[in-house]
Amino acid sequence: MSTLNPSIPVIGVSDLCLSYGSSMILENATFSVEQGQCLAVMGGSGCGKSTLLRSMVGLLRPKSGQIKVHGAPLWDGRHAPDSRILRGLGVLFQGGALWSSMNLLENVSLPLETFSGLSAAEIKELAMYKIGQVGLKGAESLYPSQMSGGMKKRAGIARALALDPKVLFFDEPSAGLDPVNCRKLDELILDLKQNLALTFVVVSHEIESIVSIADNGIFLDANSRTILAHGHPQSLRESCSVPEVRDFFARTLPA
Amino acid sequence: MSKELKTGKTNKPNRPQLKIEEGDGEYSLLFSGDWTIRHSKNGRLSEFVSFADQLSEKNSCRFQLSDDFAWDSSFLLFIQDFEQRISMQGAAVDFSSLPEGLANLLAKNKPNQSLVQGRADLQAGAEIDIFDQILSGFLRVAEFWGKWLIFLWGLIRGKSFARGRDFLLACRDCGASALPIVTLISYLTGLTMAFVGSVQLEKFNATIYTADLVCLAMVREMGPLMVAIVMAGRTGASFAAEIGSMKLNEEVDSLRTLGIPAIDFLVLPRTLALFLMTPLLTLYADIVGIMGGLTVGTQVMGFSALHYFEQTQSALLSMWEIYSGLWKSLAFGLIVGLVGCYKGINSGNSSISLGKSVTSSVVVSITLIVIADALFELAYSYLGLR
């Protein structure tokens, strides 16, 4: 994989159309995410943010269009996405989606056991490091059912980081968290972005969180099923002329 | 003109009442009493309809409430219906003397188009005709079966994500943990068959042949069938529930995002464990069933244990009698494992569909087991193996 070629965007999406059965969700979406960037996918409920994310992480085949990861097409013909490309993408699902039959350490170790070929001791050491990185040291033996919502999200991040992916996808990281934990999670994301030079795609409608972590954003709209606006969240907030985007940031009701 | 409409059959002091006064084509409707959900509007609706129907464009209706008036959302719906009927006749409606909260709620209770629109499209898209459903169902089964075979081939060649640990755990869950229930059921099956058989054989003075009856029935038919049915209700259902709830919690998705196929990682160890454990349990059930027969033979019919065993041994003309049942149980184990996992993987994203998947995994497994059993017997007798 040509991961270090700066001229190729990390994620390149062109003319993407997504649908569930016969109903269209998103039409002709084109955007790209550069190395080290954090792209926020914004929009109201039901506008297709999570659907777009599912397609970008290899869970939903697009109706048409192309998604390229480091220049390599993710959806190639009728085949399932290449496992090697998928391993370069870490995903945090909305509820954490930890494997409930395994404890935290096993959850983080599983991707390493499956793909790294390291010895058991090395895997454990690496997994413990990832767990410490998200601030869950001491919780290794807890099962998902014994964790709080915030812990599950952090555990989900630790697992997403397990294979040292170059891109992380977060689906509504702040959903269901109190303001303080939400802020802590933002700090963790900024920390990872700064120290590991990771690229992020974050689906969210938490305005404060978006503005503090993202340096690029796209705004999806449920009615037109397109990308309505594109740009830095702060500048979208201050000077976007599209009424839907203005309403979103100002929390006003549509006229 | 003034008239009172009877409202409901209740005689309670605070019963809902409506007083209508007319002056120069203008009606004043005075509501009083308890207009809440406790007082059904049945019985008064027809009278309101006939009142509304006699109105015309020249009339207007003014809604008023008395001091002792009480209302809840049932009144809101009633008054909305009433207003619609009056408006249909072209008469004017005046809500100005209603309390502010009620008037606001009335104005807001219109379907919100923008919220509903997108989801209605989704539902419209979901309406597919029955032939498409059957065809797509058939294709899904074929796809699952095909993928399972491909991943099995991968496992044989040593290229699989399935973990040995998961296989051993599944073996414990569907093998060793099932021993108590299998023991109970097969022991009682053997016991019952011995009782029923001995009553008939006694007529011919041939009660010792109870041993033959129990032994042959257990190893050929009842052993494999009973174990398979227990497995369908116990293990197949738990596979469907386990994998279905993993799907519900996006756990299956998180495997897929790592490039780990769910059929390889989750289905293969479980189905193979059941495939191997079912014949072992069947062999065990055969022995326990014969013990059930032995209990009746020695305790009720008075044979010695040795005599009973000798008779049992003579009933088994060859090892094929036992193998024929074990071949069946291999197929039954595979059926239960595949159906349970298929139902789990294809369960929808709601708790209702998860429940349906679990139920149908048991129903489909048992149906397929009985069909397969009949086919095996047909094949055995056609090939001269019986």
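Modeller: Of the 386 residues of chain B, 41% count as buried. Buried means under 20% relative accessible area, exposed over 50%, and partly exposed in between, with a 1.4 Å probe and protein chains only. The model is predicted, so local features need pLDDT of at least 70 and side-chain atom pairs pLDDT 80 or more, while totals for chains, interfaces and linings use all residues. Residues are numbered from 1 along each chain as its sequence is written, chains are lettered from A and ligands numbered from 1 in the order written, and side-chain values use heavy atoms, without hydrogens or water.

Chain B has 13 helices and seven strands. These are DSSP runs, numbered from the N terminus: helices are H or I with at least four residues, strands E with at least two. Of the chain B contacts (heavy atoms within 4.5 Å) with a separation of 6 or more, 78% join residues 24 or more positions apart.

Now the close look, in chain A. Four strands form an open antiparallel sheet there, in the order S2-S1-S4-S5. Two strands pair if DSSP finds at least two bridges between them. S4 (residues 64–69) and S5 of chain A are joined by two bridges, antiparallel. A:Lys68 has A:Pro73 of S5(A) as its bridge partner. Helix H1 (residues 49–56) of chain A packs on this sheet, touching S1 (11–20), S2 and S4. The direction of H1(A) makes about 120° with that of S1(A). Axes are lines fitted to C-alpha atoms, for helices over the stretch in contact, and angles run from 0 to 180 degrees between N-to-C directions.

Next, a helix pair. The axes of H3 (residues 104–115) and H5 (residues 149–161) of chain A come within 8 Å and cross at roughly 25°. H3(A) and H5(A) are therefore roughly parallel; angles under 35 degrees count as such, over 145 as roughly antiparallel, 65 to 115 as roughly perpendicular and the rest as oblique. H3(A) supplies A:Leu104, A:Asn107, A:Val108 and A:Pro111 to the contact, and H5(A) supplies A:Ala155, A:Ala158 and A:Arg159. Five of these residues are nonpolar, one is polar and one is charged.

Back to burial. A:Lys193 sits in helix H6 (residues 179–196) of chain A. A:Lys193 is buried, at 15% relative accessible area. Leaving out residues up to four places away in sequence, A:Lys193 touches A:Gly36, A:Gln37, A:Cys38, A:Leu198, A:Phe200, A:Ile213 and A:Asp215.

Methods. Nonpolar A, V, L, I, M, F, W, Y, C, P; charged D, E, K, R; others polar.
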